[in-house]
Amino acid sequence: MNHYFTDNRHLAQNRKEITFRFSCFTYHFITDNGVFCKDYVDMGSQVLLEAIEKKNELGDKALDLGCGYGVIGIVLAKLHPSMKWMLAEINPRSLELAKENALRNEVQVECVYSDVYSGVKGNTFTDIITNPPIRAGKEVIYRMFDEAYDHLETNGRLWVVIRKQQGAPSAKKHIENTFGNCEILERSKGYYILFAKKLDKLTVD
């Protein structure tokens, strides 16, 4: 099976354009075979975007980890243009689409190839945002959560969307074990938005 989190550039192309409206902007995305949710913007990403905007607590440098063809990072970069945005993805086809979609939607982002955090070494962020690739398995997903801690600045935030039936309650417990905290910002349409902060040890103590 050709998964969206692997190098599947050998697949035949079937590029198409989809549109997505969020917070007064209309976005145009090119998608293709072998990428996640090629026919429409998935509900998990929509719920995550809504929760982030409602919370209104982004810093100044964010990572969209597992960005796919770029929806989350591009939408938020349009809404928060003063921030620095990095989009990281392991699927080369998705990454090329993310670059193209950033230009198409006139936002400034940096797109990097990355197996979890391998492509962002040396960088720290105020925010790490992810709609994780559930089919990659729990080991990969939990690495995304655990290693986020080392790539966040003090008081930095981890934002995660995950469906309840795909392990949201256990993911919350796992993140809480790593960060010392994790709250459910939203429950909507079967999705949980999980939110954790890298607190200063003095604050925790």
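To find the pair, select residues 138–148 for α4 and 168–179 for α5; helices here are DSSP runs of H or I with at least four residues, strands are E runs of at least two, and both are numbered from the N terminus. Bear in mind that this is a predicted model, where local features need pLDDT of at least 70, side-chain atom pairs count only at pLDDT 80 or more, and totals for chains, interfaces and linings use all residues. Residues are numbered from 1 along each chain as its sequence is written, and side-chain values use heavy atoms, with hydrogens and water left out.

The axes of α4 and α5 come within 9 Å and cross at roughly 30° (lines fitted to C-alpha atoms over the stretch in contact, with angles from 0 to 180 degrees between N-to-C directions). The two helices therefore count as roughly parallel (under 35 degrees; over 145 is roughly antiparallel, 65 to 115 roughly perpendicular, the rest oblique). Show side chains next: Y142, F145, D146 and A148 of α4 meet S170, A171, H174, I175, T178 and F179 of α5, contact being heavy atoms within 4.5 Å. Sorted by type, that contact has six nonpolar residues, three polar and one charged (Ala, Val, Leu, Ile, Met, Phe, Trp, Tyr, Cys and Pro are nonpolar; Asp, Glu, Lys and Arg charged; the others, Gly among them, polar).

Now jump to α2, residues 71–79. Eight of its nine residues are buried (under 20% relative accessible area; exposed is over 50%, partly exposed in between, with a 1.4 Å probe and protein chains only).

Next, color the largest nonpolar core, 40 residues in which F29, V75, W85 and I129 touch the most other members. Such a core is a set of buried Ala, Val, Leu, Ile, Met, Phe, Trp, Tyr and Cys residues joined through side-chain atoms within 4.5 Å. Elements giving two or more residues include β1 (16–22), β2 (25–31) and α1 (43–55), but α2 gives the most, with seven. Click on W85: its contacts beyond four places in sequence include L58, G73, L76, H80 and I129. Apart from this core lies another, of 28 residues, among them L63, Y117, Y149 and Y192.

Last stop: V107, in the loop between α3 and β5. Is V107 buried or exposed? At 9% relative accessibility, V107 counts as buried.
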